[in-house]
Amino acid sequence: MKRATHVLAAALAALAAAALGPATLRAQAFRLHWTTTAQYVELRPIAYDSGTGAYEALPVAYAAPLTQDAEVSAWGLGVDGLRAYALLRGRAALGSELVWPRYGDHFDVLAAYLELQRQTWRLRLGRQQRSSALGWYAFDGLTAGWQPVPALRVEGYGGRGLQRATLQPYDSPALLALDPLRPDQGTILLGAVVSAVPFPRASFSAIYQREVLADQSGLVSERAAVDGRIGIGSFLTLSGSADADLAERWIGKASASAAVRIAGGTFVSLEAFRYRPTLDLTTIWGAFVPESNNGYSASLQVAAATDLSFSGAFTYRKWQPLSAGSPFLVDVPDDQKELTVGAHARRGPIALDGSYHLELGFGGDQSGGDLSVAWAPQDGWRAGLSGTAFQQTDMVRVTGGTVFGVGFQVRTPLGRRLGLSADVNRYFQRKLHGTTGVDWNQTRASLTFDWTMGADADRSAGGGGGGGYR
């Protein structure tokens, strides 16, 4: 990881030096988006008492993580259509008592690449993250795309594979320490995508992806997926997707849905789905045989007036019978029901929002509601108060009681290029009479500062540097 980071940093430094040279100084443009986020989180650790066989609450501890993101885009580098892009993240902890996840890893290169774009093709070299029907994948390598006609695009990509969610190579010592049975070498990720837009309001895509060990001695994963969306008139939209684990020879996730516009801003949506998690062949966790579930959902959104709307949704899931024994799943229901209702009202700059959520079945029963009132004029300012309450039972417990919370939120756009937002929330637990257990009382807060500078800084970050290829 460190070696790759040094290589990428050196490439960016060389690019910056070239861009600032006298031959290209007048043509160069750049944009920087800077986001600083600080949090304060209280948690109450718990410990198992082997003498009493019960969990005991320890004193409240806090964490104060700090995250710094810098997104840089530069173009006009002396070559028509050439652009450089980087998304960097720094982490720190401001005197935390708790060990906050990933904050020992103080620096990450989330993305860093050079992109050369022409009217019908595009090349992108460096660290990249891709989102598709297969999920999120990252790699260090090359993407080549070709668009012979506006309605068709073909892409191929490949390079060193990175572990999902961590951006660490597969042979990273940090990952090997967590899963010592995995191969002690890196991987090569290869993929191809075909996308088509045959006519307005219709799109289709197909993707094939294969990942192998660096010495090609074994297969890590082999997956494929298709998805599509088509609109019929102005009242009906049909969509569907499915992915397959070709290595295990089974269907993973699949869904089919229909959204109907009844009148104005009133919509009804229906969906049937199947979910089965897919794991790499190199991890031991596949031995636990993750179980799939099937289900359906229905949602309704009603625009009763310009400043008044209501929404509701119901989801039902049923898990398949266990194909392997597990000591953790004993007398657990095999289905789950979820119900959500909400409302939004606005009168001038005052906005009122409320929602209620109920879950019954698998994993325990949960219920809760949220209510907020805010002063939110159209210029982007917002200041509001919020309240929440929730209960949890069975496998996920709040000691048989109720947690209440109150909070304050503010968002202040300091001009078109600066922004500041903050929130503070305090939670109180009211236990039922005679119950004991973990105390959920805690405070949480966050502060975010956004700053954008450079060419086209009033537009969203990440663009610039040519047109044509879409």
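Contact here means heavy atoms within 4.5 Å. Keep that in mind as you move through this predicted model.

**Stop 1: T166 and its neighbours**

Select T166. This residue sits in the loop between strand 10 (152-162) and helix 2 (173-178). Leaving aside residues up to four places away in sequence, T166 touches R102, D108 and L175. T166 and R102 are 64 residues apart in sequence, yet their C-alpha atoms are 8.7 Å apart in space. Is T166 buried or exposed? Buried means under 20% relative accessible area. T166 has 18%, so it counts as buried.

**Stop 2: the whole chain**

Zoom out and colour by secondary structure. The chain has 470 residues, and 33% of them count as buried. Look at contacts between residues at least 6 apart in sequence: 50% of these join residues at least 24 apart. The chain exposes about 26,000 Å², with carbon and sulfur atoms supplying 63% of that area.

**Stop 3: confidence**

Colour by pLDDT. The chain average is 84, and 84% of the residues score at least 70. Next, select residues 1-5, where the pLDDT is below 50. Beyond near neighbours in sequence, this stretch has ten contacts in the model. Then select residues 457-468. Here too pLDDT stays under 50, and the model has 30 contacts beyond four places in sequence. Where pLDDT is low, the predicted coordinates should not be read in detail.

**Stop 4: a salt-bridge network**

Side chains of opposite charge can pair when their charged atoms come close. How many salt bridges does the structure hold? There are 20.

Select E115 and R83. They form a salt bridge, with the closest N and O atoms 3.4 Å apart. E115 lies in strand 7 (residues 107-117) and R83 in strand 6 (residues 82-93), so the pair ties together parts that are 32 residues apart in sequence. E115 is buried, at 4% relative accessibility. R83 is buried as well, with a relative accessible area of 6%.

The side chains of E155 and R122 meet in a salt bridge of 3.1 Å, N to O. E155 lies in strand 10 and R122 in strand 8 (residues 121-132), so this pair ties together parts that are 33 residues apart in sequence. E155 is buried at 9% relative accessible area, and R122 is buried at 16%. Salt bridges that share partners join R83, E115, R122, R124, R130 and E155 into one network.

**Stop 5: charges over rings**

The charged end of R124 sits over the ring of Y113, 4.3 Å from its centre. Then jump to R276 and W250. The charged end of R276 sits over the ring of W250, 3.7 Å from its centre.

**Stop 6: aromatic pairs**

A search of the whole structure finds six aromatic pairs. Select Y40 and Y62. Their rings are stacked, 5.6 Å centre to centre, with 25 degrees between the planes. Y40 lies in strand 1 (residues 29-43) and Y62 in strand 4 (residues 61-63), so the pair ties together parts that are 22 residues apart in sequence. Y40 is partly exposed at 30% relative accessible area. Y62 is also partly exposed, at 23%.

Note on methods
Residues are numbered from 1 along each chain as its sequence is written. This is a predicted model: local features need pLDDT of at least 70, side-chain atom pairs count only at pLDDT 80 or more; totals for chains, interfaces and linings use all residues. Side-chain values use heavy atoms; hydrogens and water are left out. Buried means under 20% relative accessible area, exposed over 50%, partly exposed in between (1.4 Å probe, protein chains only). Accessible areas come from the Shrake-Rupley method with a 1.4 Å probe; for residues, only the protein chains shown count as cover. pLDDT is the predictor's confidence in each residue, from 0 to 100. Helices (H or I, at least four residues) and strands (E, at least two) are DSSP runs, numbered from the N terminus. Rings of Phe, Tyr and Trp (its six-membered ring) pair if their centres lie within 6.5 Å; planes under 30 degrees apart count as stacked, over 60 as edge-to-face and the rest as tilted. A charge sits over a ring if NZ of Lys or CZ of Arg is within 6 Å of the ring centre and within 35 degrees of the ring normal. A salt bridge is a side-chain nitrogen of Lys or Arg within 4 Å of a carboxyl oxygen of Asp or Glu.
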